[in-house]
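I opened this entry to record what I looked up about the ligand site and the pockets. The notes follow the order in which I checked things.

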Amino acid sequence: MKKHSHYIPAFHFHWLTRWYDPMMRLFFHEERVKTALIAQAHVQPGQNVLDVGCGTGTLAMLIKQTQPNVTVYGLDVDPQVLDIARSKAEQAGESIVLQQGRATCLPYPNGCFDHVFASLVLHHLTRQDKQQMLREVFRILKPGGELHVADFSRPHDPGMWLISLIVRWFEEVHDHILGLLPVFMTDIGFNPVEETTCYRTLLGTVASYRAGKPIN
Ligand SMILES: C[S@@+](CC[C@H](N)C(=O)[O-])C[C@H]1O[C@@H](n2cnc3c(N)ncnc32)[C@H](O)[C@@H]1O
């Protein structure tokens, strides 16, 4: 497995970051996947919501538009992508609390979020960092709170398996292809953990998961 001392930017290379939004719209069912992820969360007015690895802020803004009476936080390690998120939020007049930080060391107190979203960020992290991020998410969720993940998953047909061979060269998808994400979540204490949807995309099979932090 590759080791990254720094981080993998949104589209792997910094120079591609400015093209991230148009490429996501073209090659990935972005709106469909993100809308369904929000729908599975049933976010209620007054709740605190975090989007980890928020990138250009598309999901954070969709959450705010779906449920305006929530406080939405967006965290990303990359200042360049956060600048894009900030200007998009400003243009749309949405108030999102955007912050730079690492998914493996979340700058929030224990038990303060009702929902945490993680869209396409886990495949940017090494196995150790995936597990550390999930531990951090578990820590900052309230008892009864939920994690909602959309990310690469076990290929569900030979075509998707072939595409996964290419993506494997670039990003940390090996554990995803082995179907280990729900295993990592369960090991950390999330219960229940369920796969909610599975998508065929031009970049490979993407699945959504819901993982609950038990009340006791
Ligand atoms: C593929 S993009 C996904 C962006 C957004 N969540 C979406 O669904 O469009 C992955 C994002 O994860 C961020 N990222 C990578 N490593 C990170 C880390 N260690 N901590 C926080 N964010 C990270 C990247 O900067 C990038 O914006």
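How many nonpolar, polar and charged residues does the lining of the largest pocket have? I am working from a predicted model. By class, I find 27 nonpolar, 15 polar and seven charged residues in that lining.

Entry, largest pocket. I looked up the volume and got about 870 Å³ of space. The lining of the largest pocket comprises 49 residues. Those that lie nearest the centre of the pocket are P9, A10, H123, H124 and E171.

I then asked which elements supply the lining of the largest pocket. At least two residues each come from α1 (20-27), β1 (48-52), α3 (58-66), β2 (71-76) and α6 (158-170). The largest share is from α6, with four residues.

Entry, ligand. Where does the ligand sit relative to the pockets? I noted that the space it takes is the largest pocket. I listed 20 residues around the ligand, and the ones that come nearest are Y20, K34, G53, D76 and S119. Sorting the shell around the ligand by class gave me 11 nonpolar, five polar and four charged residues.

- At G53, a polar backbone atom is 2.7 Å from a nitrogen atom of the ligand.
- At D76, an N or O atom in the side chain is 2.6 Å from an oxygen atom of the ligand.
- At S119, a polar side-chain atom lies 2.6 Å from an oxygen atom of the ligand.

I also looked up how far the protein covers the ligand. On its own the ligand has 590 Å² of accessible area, and the protein covers 97% of that.

Entry, second largest pocket. I noted a volume of about 210 Å³ for this one. Its lining is made up of D21, R25, E30, E31, T58, M61, L62, Q65 and K88. The elements that give two or more residues to this lining are α1, α2 (30-39) and α3. Which element gives the most to the lining of the second largest pocket? I found α3, with four residues. By class, the lining of the second largest pocket has two nonpolar, two polar and five charged residues.

Entry, cross-check. I compared my element lists for the pockets. Both α1 and α3 are listed for the largest pocket, and α1 and α3 are listed again for the second largest pocket.

Technical notes: Residues numbered from 1 in each chain as written. Predicted model: local features only at pLDDT ≥ 70, side-chain atom pairs only at ≥ 80, totals over all residues. Heavy atoms only, no water. Near = heavy atom within 4 Å. Polar contact = N/O pair within 3.5 Å; in protein donor to acceptor, adjacent residues only side chain to side chain. Areas by Shrake-Rupley, 256 points an atom, 1.4 Å probe, with all protein chains shown as cover. 1 Å grid on protein atoms, 1.4 Å probe; cavity = no way out; pocket = protein on both sides within 12 Å on 5 of 7 lines; lining within 4 Å. Sits in = over half its atoms within 2 Å of the grid points. Nonpolar A, V, L, I, M, F, W, Y, C, P; charged D, E, K, R; others polar. Points joined across faces, edges and corners; volume = space filled by probe spheres on them.
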